[in-house]
Amino acid sequence: MFTAINKVSMDMGISSRTLRYWEAAGLLTSVRDAGSGWRLYDEEALQCIRIIDLLRRLDLSTREIKIIIDSRSADSLCHILQKRLTKIEKTRSDLETLKAVIAEIIVVVKADSSLTLSSLENILLPITLERKKHIAAKLKGGFRVKSVKDKYDDVQIVKMAPSRAVAYSCVDTEPEDKAFSPVKEWIEKNKLEGTMRIFGFNTEPYPSGNNPYGFGFCATIPEGINIPEPLYEMKIPGGLYAVIPGNTYEGDPSFGWKKVHDLCHDNEWEWKYDESRIGLEEHIERADGKSEFIISILFPIKKK
């Protein structure tokens, strides 16, 4: 017995994009329905999906999950979980250190009601410079305050020039494959491979629950080339974009856009999402020759 991807997505609350990414990463397999072309999952695939979902909630990477599923070894599972536990313990230790530092700062500040900029600097300096001074003297090695750069050092700010692109979009429960094929075929027919950048983008209706949604693909092309219907011309506006490389967030766009959300809601970050321009998913061919892409997130930004 097989279950269609749209029903799996609805029943399990996992987006079809995430299911397709897990399959591309080699975590499970599906078959295609001859009539609709939808992915169908058998009972073993459904079991893999449930396990993957549970392991992702433990913050394991797809690489680690693939090792667990492929080996089906208790030793592999315990080894990977132990590494995760060690990481959690270190994070907890860092938080306890930070808690102790903050508590001692409060004690010092309360003892001297005449706080000045100089005295405040003397209190905070040992923490930021990782030195054993003043109130941080008791804390072995000190504690380094996590800055925005530490949290988002993989995020790049780039300036893109405006460009012209050939595009196609559609609405479906799996619109990505259907939107990409016409663009890919036209590019190959006109021998434009290697000269363009390929982007995916959301269109109306936007993803909501497990309903059909809109998605499009475009590829940058030179001026002066005619675009036949049903393809259409798309103008990509230039300007500043923040880039989250695909190899820093497991490659699944769902997790990449979650990072965008977290970043844009961080009060320390100096940029905000520029809603006057469209967000893009750049599809970059892998250097190892595999068919799937590395997908980087590009979202337009402006100063807060």
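Predicted model: local features only at pLDDT ≥ 70, side-chain atom pairs only at ≥ 80, totals over all residues.
A residue is called buried when its relative accessible area is under 20%, exposed when that area is over 50%, and partly exposed in between. By that scale Asp177, with a relative accessible area of 35%, is partly exposed.

**Helix α8 and its surroundings**

- Helix α8 covers residues 175-189, which makes 15 residues, and from its first C-alpha to its last it reaches 22 Å, close to the 21 Å expected at 1.5 Å a residue.
- The buried residues in α8 are Pro175, Glu176, Ala179, Phe180, Val183, Trp186 and Ile187; an α-helix has 3.6 residues a turn, so residues three or four places apart point the same way.
- The cover over the buried residues of α8 includes helix α2 (16-24) together with the strands β5 (163-172), β6 (198-203), β7 (213-220) and β12 (293-303).
- Just after α8 comes Lys191, whose phi is positive, at about 55°.

**Salt bridges**

- The count of salt bridges in the model comes to 23, and side chains of opposite charge can pair in this way when their charged atoms come close.
- Asp177 and Arg32 form one of these salt bridges, with their closest N and O atoms 3.4 Å apart. Because Asp177 lies in helix α8 and Arg32 in strand β2 (residues 31-32), the pair ties together parts that are 145 residues apart in sequence. Arg32, at 46% relative accessibility, counts as partly exposed, as does Asp177 at 35%.
- Arg57 and Asp53 also meet in a salt bridge through their side chains, at 2.9 Å from N to O. Both residues lie in helix α3 (residues 43-57), four residues apart, which is about one turn of the helix. Arg57 is exposed, with a relative accessible area of 63%, whereas Asp53 counts as buried at 18%.
- Arg84 forms a salt bridge with Asp59, where the closest N and O atoms are 3.3 Å apart. This pair links distant parts of the chain, since Arg84 is in helix α5 (residues 74-111) and Asp59 is in the loop between α3 and α4 (62-71), 25 residues away. Asp59 is partly exposed, with a relative accessible area of 44%.
- A network of salt bridges links Arg17, Arg20, Glu176 and Glu281, and Glu176 is also among the buried residues of α8.

**Strands and sheets**

- Three strands form an open sheet in the order β1-β3-β2, and their pairing is antiparallel. The edge strands of this sheet are β1 (3-4) and β2, each of which pairs on one side only.
- Within that sheet, β2 and strand β3 (residues 39-41) pair in the antiparallel sense over two bridges, and Val31 stands opposite Leu40 in β3.
- Strand β7 is mostly covered, as eight of its eight residues are buried. Tyr213, Phe215, Phe217 and Ala219 point one way from β7, while Gly214, Gly216, Cys218 and Thr220 point the other way. In a regular strand the side chains alternate between the two faces of the sheet.
- β7 pairs with β5 in the antiparallel sense over eight bridges, and here Ala167 stands opposite Cys218 in β7.
- β7 is also joined to β6 by six bridges, the two strands running antiparallel, and Asn202 has Phe215 of β7 as its bridge partner.

**Asp274 in its loop**

- Asp274 lies in the loop between β10 (271-273) and β11 (280-285), and because its relative accessibility is 10%, under the 20% cut-off, Asp274 counts as buried.
- The side chain of Asp274 makes a polar contact of 2.7 Å with the side chain of Ser276. Leaving aside neighbours within four places in sequence, Asp274 is in contact with Pro300, Ile301 and Lys302.

**Nonpolar cores**

- The largest nonpolar core has 20 residues, of which Leu19, Trp22, Leu28, Tyr41, Ile49, Ile52 and Ile65 touch the most other members. Helices α1 (5-12), α2, α3 and α4 each supply at least two residues of this core, and α3 gives the most to it, with six residues.
- Ile65 touches Leu27, Ile52, Leu55, Arg56 and Leu60, not counting residues up to four places away in sequence.

Methods
Residues numbered from 1 in each chain as written. Heavy atoms only, no water. Expected span 1.5 Å × (residues − 1). Buried < 20%, exposed > 50% of the residue type's maximum accessible area, 1.4 Å probe, protein only. Contact = heavy atoms within 4.5 Å. Polar contact = N/O pair within 3.5 Å; in protein donor to acceptor, adjacent residues only side chain to side chain. Salt bridge = Lys/Arg side-chain N within 4 Å of Asp/Glu carboxyl O. Pairing = 2+ DSSP bridges. Core = buried A, V, L, I, M, F, W, Y, C linked by side-chain atoms within 4.5 Å.
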